[in-house]
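Welcome! Keep the view open as you read, and look up each place as it comes along.

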Amino acid sequence: MKWLGALLILAASTWTGFAAARMLYERPRQLRQLKAALRALEAEVMYGHTPLAEASVHIARQTAAPMCELFFRFAEALRTEETSVVEAWEKSLQALWGKTALKQGELEVMKQFGATLGQYDRLTQQKQIALALAHLEREEAEALDNQARYAKMAKSLGVLAGLLLVILLM
């Protein structure tokens with residue numbers, strides 16, 4: 001019975017370490033998805049002259065989870081609710097953000113971008129998208145650096161913490 005408990009403790013701590021490492025691997029991937037979605041939004045608005053709700057649906061269909069949910073929620077809020085573009089964007093961000101591996105810095109960048117969404121002419125909007133992409137590039141570089149530094153450590157720490165706990169309890 002003691003060995004079963006020790007094995008469960010070790011498995012739980014190892015799983016926790018691998019879950020932490022998975023978040024470090026997911027963040028750069030989700031940032032790349034977000035950047036691709038913003039580039040697609042730029043193309044839809046600048047060259048396709050597509051309305052924002054329709055462009056958001058197109059982008060959501062082209063984007064993988066969890067970022068597709070952001071654009072689906074945004075399009076739905078624009079179509080059904082009597083809210084401004086900024087409020088719809090904020091609601092969509094808040095509904096999605098807990099499901100992502102993204103950090104507060106990315107949330108602030110996206111909130112600032114949402115505050116300008118639909119407020120300006122196409123040329124200024126293109127500049128705002130470029131600014132958001134530049135910020136996300138910086139965040140992605142930081143995320144890749146953190147991934148390289150801490151992912152292996154998180155896995156090892158999970159296993160070693162479990163071993164330490166098992167040894168202390170035996």
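Let's start with Glu-140, a residue of helix 6. Please remember throughout that this is a predicted model.

**Glu-140 and its partners**

- Is Glu-140 buried or exposed? With a relative accessible area of 7%, Glu-140 is buried, because anything under 20% falls in that class.
- The side chain of Glu-140 has a polar contact with the side chain of Lys-35, at 2.2 Å.
- The side chain of Arg-32 also makes a polar contact with the side chain of Glu-140, at 3.3 Å.
- Setting aside neighbours within four places in sequence, Glu-140 touches Pro-28, Leu-31, Arg-32 and Lys-35.

**The nonpolar core**

- The largest nonpolar core is made of 33 residues, and Leu-38, Leu-41, Trp-89, Met-110 and Phe-113 have the most contacts inside it.
- At least two residues of this core come from each of helix 1 (2–46), helix 2 (52–62), helix 3, helix 4, helix 5 and helix 6.
- Which helix gives the largest share of this core? The answer is helix 1, with 7 residues.
- Leu-41 is in contact with Leu-52, Ala-55, Ile-59, Phe-113 and Leu-117, once neighbours within four places in sequence are left aside.

**Leu-117, a loop residue**

- You can find Leu-117 in the loop between helix 5 (104–116) and helix 6 (122–169).
- Leu-117 has a relative accessibility of 2%, so this residue counts as buried.
- Beyond residues up to four places away in sequence, Leu-117 touches Leu-41, Leu-52, Phe-74, Val-85, Trp-89 and Gln-125.
- Leu-117 and Ala-40 are 77 residues apart along the chain, and their C-alpha atoms are separated by 14 Å.

**Helix 3 against helix 4**

- Two packed helices can be described by the angle and the distance between their axes.
- For helix 3 (residues 67–80) and helix 4 (residues 85–97), the axes come within 9 Å and cross at roughly 145 degrees.
- The crossing of helix 3 with helix 4 is right-handed.
- On the helix 3 side, the residues that meet helix 4 are Met-67, Glu-69, Leu-70, Phe-71, Arg-73, Phe-74, Ala-77 and Leu-78.
- On the helix 4 side, the contact involves Val-85, Ala-88, Trp-89, Ser-92, Leu-93, Ala-95 and Leu-96.
- The residues of this contact divide into 12 nonpolar, 1 polar and 2 charged.

**The loop between helix 1 and helix 2**

- His-49 sits in the loop between helix 1 and helix 2, and its phi is near 50 degrees, a positive value in a residue other than glycine.
- His-49 counts as partly exposed, because its relative accessibility is 48%.
- Thr-50 is also found in the loop between helix 1 and helix 2, but Thr-50 is buried, with a relative accessible area of 13%.
- The side chains of Thr-50 and Glu-44 are joined by a polar contact of 3.0 Å.
- With neighbours within four places in sequence left aside, Thr-50 is in contact with Glu-44, Val-45, Ala-55 and His-58.

**The loop between helix 2 and helix 3**

- Pro-66 has its place in the loop between helix 2 and helix 3.
- Going from Ala-65 to Pro-66, the peptide bond is cis, and omega is near 5 degrees.

Key:
Residues are numbered from 1 along each chain as its sequence is written. This is a predicted model: local features need pLDDT of at least 70, side-chain atom pairs count only at pLDDT 80 or more; totals for chains, interfaces and linings use all residues. Side-chain values use heavy atoms; hydrogens and water are left out. Axes are lines fitted to C-alpha atoms, for helices over the stretch in contact, and angles run from 0 to 180 degrees between N-to-C directions. Helices (H or I, at least four residues) and strands (E, at least two) are DSSP runs, numbered from the N terminus. A crossing is left-handed if the near helix is turned anticlockwise from the far one by less than a right angle, and right-handed if clockwise. Contact means heavy atoms within 4.5 Å. Ala, Val, Leu, Ile, Met, Phe, Trp, Tyr, Cys and Pro count as nonpolar, Asp, Glu, Lys and Arg as charged, and the others, Gly among them, as polar. Buried means under 20% relative accessible area, exposed over 50%, partly exposed in between (1.4 Å probe, protein chains only). A nonpolar core is a set of buried Ala, Val, Leu, Ile, Met, Phe, Trp, Tyr and Cys residues joined through side-chain atoms within 4.5 Å. A polar contact is a pair of N or O atoms within 3.5 Å; within protein, one must be able to donate a hydrogen and the other to accept it, and residues adjacent in sequence count only if both atoms are side-chain atoms.
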